Amino acid sequence: MSLGFDNISGSLPSASSYWQTNLHYLNLGVNNIDGVIPNSISNSSNLKELYLNNNKFSGPIPNSLGDLRQLERLTLFENNLLSPHLSILTSLANCGSLKVLAISDNPLNGVLPDSIGNLSTSLELFGLGETEIRGQIPLGIGNLSNLNTFSISRNDLTGSVPRSVCDLHNLQGFYLYQNRLSGPLPDCHCKLPELGLVDLSYNQISGPIPYCIGDTTSLRNIYLNSNRLTNIPMSLWSLKDLVRLDLSNNSLVGSLPPDFGNLDAITVVDLSRNHLLGSIPTTVGDLQKLINLSLAFNELQRSIPESLGKMISLESADLSNNILSGMIPKSLEALRCLTDFNVSFNRLEGEIPSKGPFLNFTSQSFMGNEGLCGGFLFQPCKTRTFHQSRRSEVLLIVLVTLAVSLMGLGSIVVFMLKRCGKRKVPTPPESLPATMILARISYIEIERATQGFDQCNLLGHGGFGYVYKGIFANGMVLAIKVFNLQIEGAFKSFDIECEVLRNLRHRNLTKVISNCTNIDFKALLLEYMPMEV
């Protein structure tokens, strides 16, 4: 009998004779029925499916429901039902064919009992969300071997996630958000071959995300936001079928690798409110399906990559409250779907793009960047006059001429000293001490040496990049020139400087100690020359 969505009101009859039927199916869901669920309902002993959800039932859930031995589906969610000591879970252990049990959104108010492990092994869906339950998740949960959806979110559960959960090999949806769970994520979750969604947000989960998460290729949605997680394993970026990733509001450190661009199916990425360092990798432009991107409130540096302009599906991008520098790429003017853009409180400079989606952005999207101009900001962009340009050209010519003259004078002095007989035994060109000859240094070593390219270690900047002071693990202090690869000509400048400085030896030139180069990062490591005071 199906009477759902019929706007039925009143209460259910309690007379036992009324329920002595041969009903197999009774749907009274989504109505306005109030009062209690009568104990006599158990007289309908042939019931297999009972739907009483979305009504106004109150009072205790009758334990007599456990006498419905053929019961397969029971939905009682969104009522005002009670169950002292959650005894209904103990009673329902008698229903050996039970597949669906949904009692969410009721004020059950009790401790989750160990008897949960005695429920039918046929159980596929278990829903106890927002039922005011407390305590720990019993180890017996692992006995429910056919469970594919487990939801006990929005409660007051404590303790850690038991490893017995990893015995649920058919689990597809795992909802434990908004509790007070703590401890690490069990790495055995990686062995759940059907797991498609994990939501442990708003808990107190700590430690690293297990490296083996990259083996769970069935994952489509990961919600681990608002916890105390500390790092993202490289393996996570190999999940090519991942659709949504939310790791915001944690304690994540490190940088975003080029592999970030491997998330082919991703539509939502939120890594905001962490401690991420380094630059935004240029491979971000490969995320053609990405709709929402948030990297706000981190410590990301250097420029916004031009490749961001290739993200044709992008609707929202929040890069605010970082340490980004350089100009806002003009390529972003081509993003027709972009409706929400925020780069406020960075160190950006130059003219704000004025076409495409930028016609609709207000000054709030750009505030807190003293070097920006144009757009909807109140400071117009200054244009260089002819006289200013001419003055700069003249100054450059004078400085170059002076430098050439000094070098020429120095050569004459050296020549005259030799002619005066002050001859010395020839010495080979200056070379680096053995302790200063290093193998190529990795990006990680440079990041640590500069404390994540901290502004306190910034020595200066030029047309193609920045120079930082770096203190390495062995105590060596070097100057590190990091090239801004978003600027046209930076690649060529790096190659030229490498070639020239490698072949020059002069006491007035800093020596090249080593270099670091990969597809997304290029740097020269130079002898550190402290300023004389």
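Predicted model: local features only at pLDDT ≥ 70, side-chain atom pairs only at ≥ 80, totals over all residues.

Student: OK, how many disulfides does a search of the whole structure find?
Tutor: The search turns up two disulfides. One of them joins C190 to C212, with an S to S distance of 1.9 Å.

Student: What's the handedness of the C190 and C212 one?
Tutor: The torsion about that S-S bond is about 65°, so the disulfide is right-handed. C190 sits in the loop between β14 (182–183) and β15 (197–199), while C212 is in the loop between β16 (204–207) and β17 (221–223), so the pair ties together parts that are 22 residues apart in sequence.

Student: Are C190 and C212 buried or exposed?
Tutor: C190 is buried, and C212 is buried too.

Student: And what about C373 and C381, how far apart are their sulfur atoms?
Tutor: They are 2.0 Å apart, and the two residues form a disulfide. With 95° about the S-S bond, the link of C373 and C381 is right-handed. C373 counts as buried because its relative accessibility is 11%, under the 20% cut-off. C381 has 28%, so it counts as partly exposed.

Student: Where do C337 and C456 come out on accessibility?
Tutor: C337 is partly exposed, with a relative accessible area of 35%. C456 is exposed, at 70%.

Student: What does the D270 side chain make a polar contact with, then?
Tutor: With the side chain of S272, at 2.7 Å. D270 itself is in strand β21 (residues 268–270). Leaving out residues up to four places away in sequence, D270 touches L245, D246, L247, S248 and S294.

Student: New topic: where does UniProt place the "binding site" feature?
Tutor: The UniProt record, an unreviewed entry, puts it at K481. K481 is in strand β32 (residues 477–483) and is buried, with a relative accessible area of 19%.

Student: Last one: where does L71 lie?
Tutor: L71 is in the loop between β5 (56–60) and β6 (73–75). At 0% relative accessibility, L71 counts as buried. Beyond its neighbours within four places in sequence, L71 has contacts including L47, L50, L65 and C95.

Conventions. Residues numbered from 1 in each chain as written. Heavy atoms only, no water. Helix = DSSP H or I, 4+ residues; strand = E, 2+ residues; numbered from the N terminus. Buried < 20%, exposed > 50% of the residue type's maximum accessible area, 1.4 Å probe, protein only. Contact = heavy atoms within 4.5 Å. UniProt positions renumbered as here; feature names shortened; annotations may be inferred. Polar contact = N/O pair within 3.5 Å; in protein donor to acceptor, adjacent residues only side chain to side chain. Disulfide = S-S within 2.5 Å.
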